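Here's a quick walk through a few spots worth a look in this one. Have the model open and follow along.

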Amino acid sequence: MPIASLDATTLEACLSAAVAAPSFFNSQPWRYRLDPGTVTLEVRAAPERSLRHADPVGRALHISVGASVFNLRVAALHFGWSPLVRLLPSPDDPGLLATVRMTAPVHHTTVALRADLYPAVWRRHSSRMPFSGRPVPAPVRAELAEAAHMEGALVTFPARAETARMLRVVAEAEHRNRADSDRGTESRRWLHPDGAADIGLPETVLGPQDAREQIPMRDFSAQRHPERLPAQDFETIPVIALLTTEHDRRTDWLRAGQALEHLLLVATAHGMRASLLHQPMEWPDLRTELNPVPEHAGHAQMLIRLGYGPEGPATPRRTPRAVSDPDTIG
């Protein structure tokens, strides 16, 4: 089969897939540039869209960009290219987080991905609504874990007692976030009551709180008055996945982002919903408490709540033109 050309329409579709990735507070902290000579997309950090208080070292920013890189890979494969990814390719240019070079497919070296991941890119978004009590089948859990493993991360599904312990850690992190005035102010900057912005979170996507106070859903308004927030009954036996990496370097954060998005797209292909319990990752001591037990090896990167339930509303996205250099999309 002849290789597809990276024309303007294909490039825009690839970038649209990239920006459909999840990001911390829907901050969309990425920027793209195409080198037409080598057919390479540069993926850069957009530090002006980082969160100084909630993400001071940029770990969540790197995870967000990693998720974007994975979507680029999925789109490239869909359009007939074989993406060659390099993470942190230039030590002298720390803002360049990755390059994705489009090469002709070489089937014996191209890692196979599910063909239905590309349509899942457009259906995937966080659902902060209650899920049903329907269990996640063991084969699906195994496939989700394998998706993360393909990207260099580990996903485990804690047993019920360990899940309860982890949710208590999330609750402590949520309490701290609500009590921290700087973080509260920062969080509210990303809320848009009218939903008119192409970045951040419209109030329609926030969802209710758990009436049983078992699952600590994030209060992005940081009101410090949980009794005033709308509440519904959430699932009584939550399914939580813990995503970890062996090390905790910038490359590991980028790999964790790719693993997270790979898992989320596979979950979407299976008709599942997901939301992220990121609060304890923002407090070093609480993040350490989530490291796998009993050996406490590895580094916790994300807690993912999974299940079946309402799709929930989508968050807005910037256009490819808005997140790329002027010479990339003419």
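Let's start in a loop: V39 sits between β1 (30–35) and β2 (40–45). Keep in mind that this is a predicted model. The phi of V39 is near 50°, a positive value in a residue other than glycine. That's worth a second glance, since most residues other than glycine have a negative phi.

L88 also has a positive phi, about 45°, and isn't a glycine either. You'll find L88 in the loop between β3 (82–87) and β4 (96–103). Here are the two residues side by side:

| Residue | Phi | Loop between | Relative accessible area |
|---|---|---|---|
| L88 | about 45° | β3 (82–87) and β4 (96–103) | 23% |

Now for R305, which lies in strand β12 (residues 299–307). R305 has a relative accessible area of 0%, so it counts as buried. What does its side chain touch? The side chain of R305 makes a polar contact with the side chain of E235, at 2.7 Å.

Last stop, the cavities. Searching the whole structure turns up five of 30 Å³ or more. The largest cavity holds about 460 Å³ of space. It is lined by 29 residues, and S23, F25, S126, R128 and L276 are the closest to its centre. By type, the lining splits into 17 nonpolar, eight polar and four charged residues. Helix α2 (residues 59–78) gives the largest share of that lining, with four residues.

Notes. Residues are numbered from 1 along each chain as its sequence is written. This is a predicted model: local features need pLDDT of at least 70, side-chain atom pairs count only at pLDDT 80 or more; totals for chains, interfaces and linings use all residues. Side-chain values use heavy atoms; hydrogens and water are left out. Helices (H or I, at least four residues) and strands (E, at least two) are DSSP runs, numbered from the N terminus. Buried means under 20% relative accessible area, exposed over 50%, partly exposed in between (1.4 Å probe, protein chains only). A polar contact is a pair of N or O atoms within 3.5 Å; within protein, one must be able to donate a hydrogen and the other to accept it, and residues adjacent in sequence count only if both atoms are side-chain atoms. On a 1 Å grid over the protein atoms alone, a cavity is a set of points where a 1.4 Å probe fits but cannot get out, and a pocket is an open set with protein on both sides within 12 Å along at least five of seven lines; lining residues have an atom within 4 Å of a point. Grid points are joined across faces, edges and corners, and a volume is the space filled by probe spheres set on the points. Ala, Val, Leu, Ile, Met, Phe, Trp, Tyr, Cys and Pro count as nonpolar, Asp, Glu, Lys and Arg as charged, and the others, Gly among them, as polar.
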